[in-house]
Amino acid sequence: MSNKLIAYIGILGVSLFAIAAIVGPLLIDNYSVVSQYISESFASDTAYGRYLQYFGYVPSGILITIFCFSSPKYLPSSKLVLAGFLGLALFYGLGTILVGLFPCDAGCPTNVVDSSLSQLIHNAMASLTYIFFPICLIGIGLGLKKSENYNRLSQIAMVTGIVSAIFIFSLFSNPESGYRGILQRIIETCFIVFIVSSALRIGEGSEGRST
């Protein structure tokens, strides 16, 4: 695949995610983007949840996985860059697919005892994604730092990785916070910013895999 096609795949992937995350809350009365998780907009008891799953999150995860698996080919050769993108493909790409296929229960409870199998899978994948996400971004940032032509993308990866880590820590510290919705959306915005920035840089072309 060409670098431009890969770029389009990455941008389309996060665009589908963003659209689903924006449209979902609009379909539910009294939904709060400040205090409710994104997953609550397509929970098992929602009327339009399946549409958001199969036309939004699942295809988004597939496209993000393809983009992350393919991206290292168009970036400077680095073990950190390769490991970082493979981590994003596994935890964010495949994680988004599984989270889409296994929606949470009504209200997305965090209590294991009261959770269905779908909820348990959903929570496990979401947790793994958020644990490894900032690590992957920081790793990519460090790997790209060696190449002068990728300094800006390196900085974006480092900043989004650090910012997301701070908000992930805040979210994990109090998953029932009245601000959990906005915390999660800041984390997801960090991911979108990084993927779009990577896609645009890949789409511009590169000097191959030389450092």
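Which residue follows H6, and is its phi positive or negative? Gly205 comes directly after H6, and its phi is positive, near 100°. The model is predicted.

**Helices H2 and H3**
- Helix H2 covers residues 49-70 and helix H3 covers residues 79-101; their axes come within 8 Å and cross at roughly 165°.
- Angles over 145 degrees count as roughly antiparallel, and H2 and H3 are therefore roughly antiparallel to each other.
- H2 and H3 cross in a left-handed sense.
- On the H2 side, the residues that meet H3 include Gln53, Tyr54, Tyr57, Val58 and Gly61; among those of H3 are Phe85, Leu86, Leu88, Gly93 and Leu101.
- The contact of H2 with H3 comprises 16 nonpolar and six polar residues, with no charged residues.

**Helices H4 and H5**
- Helix H4 (residues 117-144) packs with helix H5 (residues 151-173) at an angle of about 155°, and the axes are 8 Å apart.
- H4 and H5 are therefore roughly antiparallel to each other.
- The crossing in which H4 passes H5 is left-handed.
- H4 contributes residues including Ser127, Tyr130, Ile131, Phe133 and Pro134 to the contact, while H5 contributes residues including Leu153, Ser154, Ala157, Met158 and Phe172.
- By class, the residues of the contact of H4 with H5 are 17 nonpolar, six polar and no charged.

**Length of H6**
- Helix H6 (residues 180-204) has 25 residues, which at 1.5 Å a residue should span 36 Å.

Methods:
Residues are numbered from 1 along each chain as its sequence is written. This is a predicted model: local features need pLDDT of at least 70, side-chain atom pairs count only at pLDDT 80 or more; totals for chains, interfaces and linings use all residues. Side-chain values use heavy atoms; hydrogens and water are left out. Axes are lines fitted to C-alpha atoms, for helices over the stretch in contact, and angles run from 0 to 180 degrees between N-to-C directions. Helices (H or I, at least four residues) and strands (E, at least two) are DSSP runs, numbered from the N terminus. Angles under 35 degrees count as roughly parallel, over 145 as roughly antiparallel, 65 to 115 as roughly perpendicular and the rest as oblique. A crossing is left-handed if the near helix is turned anticlockwise from the far one by less than a right angle, and right-handed if clockwise. Contact means heavy atoms within 4.5 Å. Ala, Val, Leu, Ile, Met, Phe, Trp, Tyr, Cys and Pro count as nonpolar, Asp, Glu, Lys and Arg as charged, and the others, Gly among them, as polar. The expected span of a helix is 1.5 Å times one less than its number of residues.
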